[in-house]
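Let's take a walk through a protein chain together, one feature at a time. Have the sequence and the 3D view ready, and follow along as we go.

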Amino acid sequence: MKVQNNIKGISRRDLFKIAGRYGLSSTLLAAGTFGGAMSVANLAKAAESTYEKRFAKEAKFTLKFGAAGFNQQNLLIERAGVLEFARDLESRTDGEIRVEFIGNNQICNQLSCVEKTQQGIVDMYAASTQNSAGGAPYLNVLDYAYMFRTRADQYYFMYSPESQRILREPFEKRHGLKFLFTHAELRGIQLGLKWQDAETVTSVEQLAGTKNRVTGTQLGRIAMNALNLNPVPIAWEETLDGLKTGLIDGAETWASAVAYANMSPVVSQCVDLRFFCGTEHTAMSASVFDSLGGELQDAVMEAAYLTQVHVQAANEAALVNTVGFSDPQLPDTIFAQNNVRMATLSDAERKKAEEMCSPEFQPQLWEQWRERINGWAGGIDTYQDIYNEVRNNPHALAENVEPRRWWKA
């Protein structure tokens, strides 16, 4: 099994030695509890303790978790919560559910994890909703331009019972997948090295005519075309080379994705456009969930809720303290070390962008896809319903949004 050497202070050989004794999942789950470098002895001791807890009794269910390109190290940059979820679920069920964590693109990648879960190759997955929209098109429902104003709006919606009606239930009915939790950021344009010596972007006009990588989202393409951002579909794994060589000017993605994927050395400006969702979600097979029985289903939901609360706090902190997504930046952050400039647009400039591309101001651009998504959801107006719900959100800061169990009215 291919394993990247991403554990600080541990050689590849030592990692395989420990994993050979205690199993890869136990080793990675143990490594995820360390915040930085560790010794071989410390990791071995933690892996042994983790192994003993996980195998204290026979599991009723062993769930394969395909976690795209994630590992215990880059999950400290983008706090997607997948290891926390696995640990909590195993602990909460006293080992009746055991999670086999398979990250580093070993079993599935950003584009294929959703399909491999639908096929039963894995039981649950973590990937962005935008990349997963290729295999599960209903996820486009999150990608109407400027529907969410802030990360606080995104968390507010994910905790809202309205997310059951508008997102989770149609997603499960149409694609056989249960949406559990997600991280929340808003996408901007990450400009490559050919913009290194250019002025810092302050207006939408400066981006006009650029060529930018787009994910699997169809709605994202609508917004990008309206903003004259020339979307080019490029696989996530090939985006780094595109930015480095100048094949593309930039990529539509979010800040912590640039940082965790080691793209910071080839990104010169992080343009905070905030034009649609960046949501690294975790979902599981609905049929697998249904097979668990009531008590274990409750445990999955409570673990998902706890993880959602963890992600909300941890990713907000990591954006400032680890990634460098702030103005001014903290000096030892990933962006600061790699000379990634923050290009912060004014409220007036973002409003200009909104008026150029959003369904509120350019409804004709969205009619076909909006009608399609509304039909999949049973005839509700998905854009307007989400738009209205998140404007009930009184919180300016994402960390202040009140957590709620979304499946309880």
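Start with C108 and C113, which are joined by a disulfide, with 2.0 Å between their sulfur atoms. Keep in mind that this is a predicted model, so the distances here are computed from predicted positions. If you look along the S-S bond, the angle about it is 80°, and the link between C108 and C113 is right-handed. Are these two cysteines buried or exposed? Buried means under 20% relative accessible area. C108 has a relative accessibility of 3%, so C108 counts as buried. C113 comes out at 0%, so C113 is buried too.

How many disulfides does a search of the whole structure find? The answer is 1. Other cysteines are present, and C270 is one that takes part in no disulfide: the nearest cysteine sulfur belongs to C277 and lies 16 Å away. C270 is buried, at 2% relative accessible area. What about C277 itself? The closest cysteine sulfur to that of C277 is in C357, 14 Å away, which is too far for a bond. C277 is buried as well, with a relative accessible area of 1%.

Now let's step back and view the whole chain. You can count 17 helices and 13 strands in it. The radius of gyration is 21 Å, close to the 22 Å that the globule rule gives for 409 residues, so the chain is as compact as a globular protein of that length. Along its principal axes, the C-alpha trace spans about 60 × 50 × 35 Å. Of the 409 residues in the chain, 58% are buried.

Strands of a sheet pair through backbone hydrogen bonds, either parallel or antiparallel. Here an open sheet of 6 strands runs in the order β8-β7-β9-β6-β10-β13, and its pairing is mixed. Which strands stand at the edges? They are β8 (231-233) and β13 (341-343), each of which has a single partner strand, so one side of each has no neighbour in the sheet. From one strand to the next, the twist averages 35°.

Zoom in on one pair of strands. β6 (residues 188-192) and β9 (residues 250-253) run antiparallel and are joined by 4 bridges. Within this pairing, I189 stands opposite E252 in β9. A helix packs on the sheet here: α10 (residues 236-245) touches β6, β7 (212-214), β9 and β10 (267-271), and the direction of α10 makes about 145° with that of β9.

The largest nonpolar core has 121 residues, and F85 and F275 touch the most other members. Helix α13 (residues 294-323) gives the most to this core, contributing 10 residues. Apart from this core lies another one, of 7 residues, including I10, A30, L43 and A46.

Let's end with F275. Leaving aside neighbours within four places in sequence, its contacts include Y144, A145, Y146, R187, G188, A223, M224, L227 and L229. I189 and E252 are also in contact with F275, and these are the residues that stand opposite each other in the strand pair we visited above.

Notes. Residues numbered from 1 in each chain as written. Predicted model: local features only at pLDDT ≥ 70, side-chain atom pairs only at ≥ 80, totals over all residues. Heavy atoms only, no water. Core = buried A, V, L, I, M, F, W, Y, C linked by side-chain atoms within 4.5 Å. Buried < 20%, exposed > 50% of the residue type's maximum accessible area, 1.4 Å probe, protein only. Helix = DSSP H or I, 4+ residues; strand = E, 2+ residues; numbered from the N terminus. Contact = heavy atoms within 4.5 Å. Pairing = 2+ DSSP bridges. Axes fitted to C-alpha atoms, helices over the stretch in contact; angles between N-to-C directions. Disulfide = S-S within 2.5 Å. Rg over C-alpha atoms; globule rule 2.2 N^0.38 Å.
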